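The following note sets out numbered points on the structure shown below.

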Amino acid sequence: MNLARAARPTRLRLIIVTVALAGAGLLAATTPAASARPGAQHVFRWDGGTKPVIVLEHGAWADSSSWDGVIQRLQLLGYTVDVPPDPLRSLPGDSTYLADFLKTISGPVMLVGHSYGGAVITNAATGNSQVKALVYVDAFIPDQGQTLLQLATATPGSCVASSSAFNVVPLSTGDADLYVKQSVFPGCLANGLPASQAAVLAATQRPLAASVLREPSGAPAWKQIRSWAVIGTADQAIPPGEQLAMAEHAGAHITKVDAPHLSMISDPGVVTAVILQAVRAAG
């Protein structure tokens, strides 16, 4: 048998895999944002036992499609990814919904939350030993008793801290749905993204119940579960200084990226790399 000839298909497969990973942004971990953490160039390797399920929780004024770029990269690497819808009705209710969803998963779980989704995972993972890591992406990381309104206004500069940013739709329950005005959305939540993409995101946003902003958070899961945080330094919704303060308070491993509030859309490769750092640490 000609060994040189037999080796060619193997080399070809390796080349194809390398190109695929590079195209997915997973070999770009030497960029300044990702290389801030030692060993980031190896985070796509899984050396543990059972591969974890990665659960992504979207935030307010968004839906599950905001994770598309991250989902594609994780699935390319063979991970099972679940993206349950966030009801956006109440912090206790949304957290219970996610906690119930997590109970249907056997084996280890990596739990990722964006924006308001960070508050949801903070509550939903409490007491769940299957959750091995929490990853916060441009997210709220509340301590017990804190509210989103309190955290959003703790540092000046949030574009959603004023009622003038919203279209308010009264509900028969006495609550109201908050939509970010389409004239405000691009510069507030999607700065840095193409104008056409920002316009679509503004038009398809899902509303947040106004009462959520004043609901106190419960016992935080990050006190028992290791956490990571991606901080978009161009975030106009949750000021980067406040994100940093929350992440440091929670003892999270921090990665900064020059990105808007929707960094998983603008920089999905960096966000994926941080998720995989958490996976590797847990494995």
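1. Burial terms. A residue is called buried under 20% relative accessible area, exposed over 50%, and partly exposed in between, using a 1.4 Å probe and protein chains only. On this scale C159 is partly exposed, with a relative accessible area of 22%, whereas C188 is buried at 2%.

2. Basis of the note. This is a predicted model, in which local features need pLDDT of at least 70, side-chain atom pairs count only at pLDDT 80 or more, and totals for chains, interfaces and linings use all residues. Residues are numbered from 1 along each chain as its sequence is written, and side-chain values use heavy atoms, with hydrogens and water left out.

3. Disulfide. A search of the whole structure returns one disulfide, the term denoting a pair of cysteine sulfur atoms within 2.5 Å. C159 and C188 form it, with their sulfur atoms 1.8 Å apart. The torsion about their S-S bond is about 70°, so the disulfide is right-handed. C159 lies in the loop between α5 (148-152) and β5 (166-170) and C188 in helix α6 (residues 185-188), so the pair ties together parts that are 29 residues apart in sequence. Helices (H or I, at least four residues) and strands (E, at least two) are DSSP runs, numbered from the N terminus.

4. Nonpolar core. A nonpolar core is a set of buried Ala, Val, Leu, Ile, Met, Phe, Trp, Tyr and Cys residues joined through side-chain atoms within 4.5 Å. The largest one has 84 residues, and W61, Y116, L134 and I275 have the most contacts inside it. Helix α10 (residues 268-282) supplies the largest share of this core, seven residues. Contact here means heavy atoms within 4.5 Å. Apart from its neighbours within four places in sequence, I275 is in contact with I54, L56, V70, L74, V112 and V135.

5. Helix α10. The 15 residues of α10 reach 21 Å from the first C-alpha to the last, close to the 21 Å expected at 1.5 Å a residue; the expected span is 1.5 Å times one less than the number of residues. The helix is mostly covered, with 12 of its 15 residues buried. Among the buried residues are P268, G269, T272 and Q277, as well as I275.

6. Helix α7. Which residues of helix α7 (residues 195-204) are buried? They are A198, L201 and A202. Seen down the helix axis, the buried residues fall within an arc of 100°, so they line one face of α7; the arc is that of the directions from the helix axis to the C-beta atoms. These buried residues pack against α6 and α9 (263-266). The face turned away from the buried side carries the exposed residues S196 and A203.

7. Parallel sheet. Six strands form an open sheet in the order β2-β1-β3-β4-β8-β9, with parallel pairing. Two strands pair if DSSP finds at least two bridges between them. The edge strands, β2 (81-82) and β9 (253-257), each pair on one side only. Four bridges join β4 (residues 131-137) to β8 (residues 227-232), and L134 stands opposite S227 in β8.

8. Antiparallel sheet. A further open sheet has three strands in the order β5-β6-β7, paired in the antiparallel sense. Its edge strands are β5 and β7 (208-209), each pairing on one side only. Strand β6 (residues 176-180) pairs with β7 over two bridges, and L178 stands opposite L208 in β7.
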